[in-house]
Amino acid sequence: MAFLRSRLEPVVFCAQVASSFFDTGLQMIVKQRYENNTHTAAGGHNEQKSIAYFYMIFNILTKVVAIIPAFLLARIGDKGYRKVPVVVPLIGYFISRGLLLFVIAFDWTIEVMYASPIVNGLCGGFSSYWPGVIALVSLSTSEEDRSLRIMCIELTYGLAGFLGSLASGHLFQLYALEHRQGVVLACASVVLYFMCLGYAACIFQVNTRRPPVELDERRESDRVGILSSIKSNVALLFGAGILYDMAVAGGVEILNVYVLVEPLSWTATQVGYGNAAGSVIFITSFIGVKLFTRCSLSDTTMILIGMFSFLTGIYFMTFVTTTATYYIARALTLFALIPMPIIRSLLSKQIRGSSYGRTFTGLQLSFQLAGLATSPIFTKVYQSTLQTLPGFVFTLSSIITLLAMIPISIVGCRTARQEGYERL
């Protein structure tokens, strides 16, 4: 029991299973509602555009609303209240995800779901929740073990997504409340979020590992000489992270629409299997980090391998027209998860522990702000190329990934000439 009190894995696992249930449920309800809409029934392309437009608005609200609340929660966390940036977003998830249940049960219009990212964002959303988790993990581990420890959290997240996605399609098809599909799935999501909230608030105990005082004093004396170099590294890491997140978020967002319509036209079960396939990269990426660490590869080299893996897979997705080729493209992205956790680990080695919350939240909010442009750009490109090459948007994603590899290469060259990392 004492071991569980110091571990965040149960929260991460249950929350991601709940999220997988919600994502599949929302995908299918959106598809059903727009299929039955008299304005979109006349043509498949109109249906595609309507679904893409819904997700564009939904994702923009998700990115915008959370900006100020997440930053405020990060400041509270850095003042010593480390559980707050995790617990408060879970409250938002619990309330906002419940809206899907009401939309299904009472046949409310699908536009009601726009309130979900608003409620969630006001509680900090993922922009507060995930940086809060990473900050707690970073504070509880040594620098030598940090990359692998953060990757373990990502693995837990991915396994939960895999299992949740596998089950979600089947749960969605269970009937309840006057033969309405999705009620059981939405209920399960809400219950799991409630369990996460209870565990994080009442059972989990913060356990931080503080570096020796003399080590901090030595680094403080060396601070002036390395300040400029470290700031440059931080800026480059931020730039690489933002570009890579734009490539991944933009490509995956359109992929969620791409699989629902021709030529793939997936069912709820196939959507669940597809999401599960996407979650497998958490396992393969974790294995990759373990293997590359044993081979003594540097953090920047591992990041570049992960980016190249995603680049090849998402480019291949441009030409996907069957379910079989979709899974081949997914297989090529087996190391695509490696870059983000390693970038966060590298950032934690450049700064003081008292700045973890603000730094990780700042990185996440940078993703959100960049996403304000990414979502509409990718959506418009997808809509404008439907008649010629629907998968062209995935080529765009691969180009942005290539650009993200440039700052990481620069950081790799710079750090190769240094004996080690120093804190600000």
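**Reading the helices**

Tutor: Let's start with threonine 401, which lies in helix H17. A helix here is a DSSP run of H or I with at least four residues, a strand is a run of E with at least two, and both are numbered from the N terminus. This is a predicted model, so local features need pLDDT of at least 70 and side-chain atom pairs count only at pLDDT 80 or more, while totals for chains, interfaces and linings use all residues. Residues are numbered from 1 along each chain as its sequence is written, and side-chain values use heavy atoms, with hydrogens and water left out.

Student: Is threonine 401 buried or exposed?

Tutor: Buried means under 20% relative accessible area, exposed means over 50%, and partly exposed is in between (1.4 Å probe, protein chains only). Threonine 401 has 0% relative accessibility, so it counts as buried.

Student: Which residues is threonine 401 in contact with?

Tutor: Contact means heavy atoms within 4.5 Å. Leaving aside neighbours within four places in sequence, threonine 401 is in contact with Tyr244, Ala247, Met307, Phe310 and Leu311. Now look at serine 397, found in H17, which spans residues 392–416. Serine 397 also touches Ala247 and Phe310, along with Val248, Gly251, Ile314 and Phe378, not counting residues up to four places away in sequence. With 0% relative accessibility, serine 397 counts as buried.

Student: What lies 2.5 Å from a polar atom of the side chain of serine 397?

Tutor: A polar contact is a pair of N or O atoms within 3.5 Å; within protein, one must be able to donate a hydrogen and the other to accept it, and residues adjacent in sequence count only if both atoms are side-chain atoms. Here, the backbone oxygen of alanine 247 lies 2.5 Å from that side-chain atom of serine 397.

Student: How does isoleucine 242 read?

Tutor: Isoleucine 242 is found in helix H11 (residues 223–258). Its relative accessibility is 22%, so isoleucine 242 counts as partly exposed. Not counting residues up to four places away in sequence, isoleucine 242 touches Ser366, Phe367 and Ala370. The C-alpha atoms of isoleucine 242 and leucine 363 are separated by 7.9 Å, although the two residues are 121 apart along the chain.

Student: What about pairs of helices? At what angle do H2 and H9 pack?

Tutor: Axes are lines fitted to C-alpha atoms, for helices over the stretch in contact, and angles run from 0 to 180 degrees between N-to-C directions. Helix H2 (residues 9–35) and helix H9 (residues 183–203) pack at about 160 degrees, with axes 8 Å apart. That makes H2 roughly antiparallel to H9; angles under 35 degrees count as roughly parallel, over 145 as roughly antiparallel, 65 to 115 as roughly perpendicular and the rest as oblique.

Student: And which residues of H2 and H9 meet?

Tutor: Among them are Cys14, Phe21 and Phe22 in H2, and Leu192, Tyr193 and Cys196 in H9. The residues of this contact divide into 15 nonpolar, 4 polar and no charged. Ala, Val, Leu, Ile, Met, Phe, Trp, Tyr, Cys and Pro count as nonpolar, Asp, Glu, Lys and Arg as charged, and the others, Gly among them, as polar.

Student: How about the whole chain?

Tutor: The chain has 17 helices and 2 strands. Buried residues make up 54% of its 424 residues.
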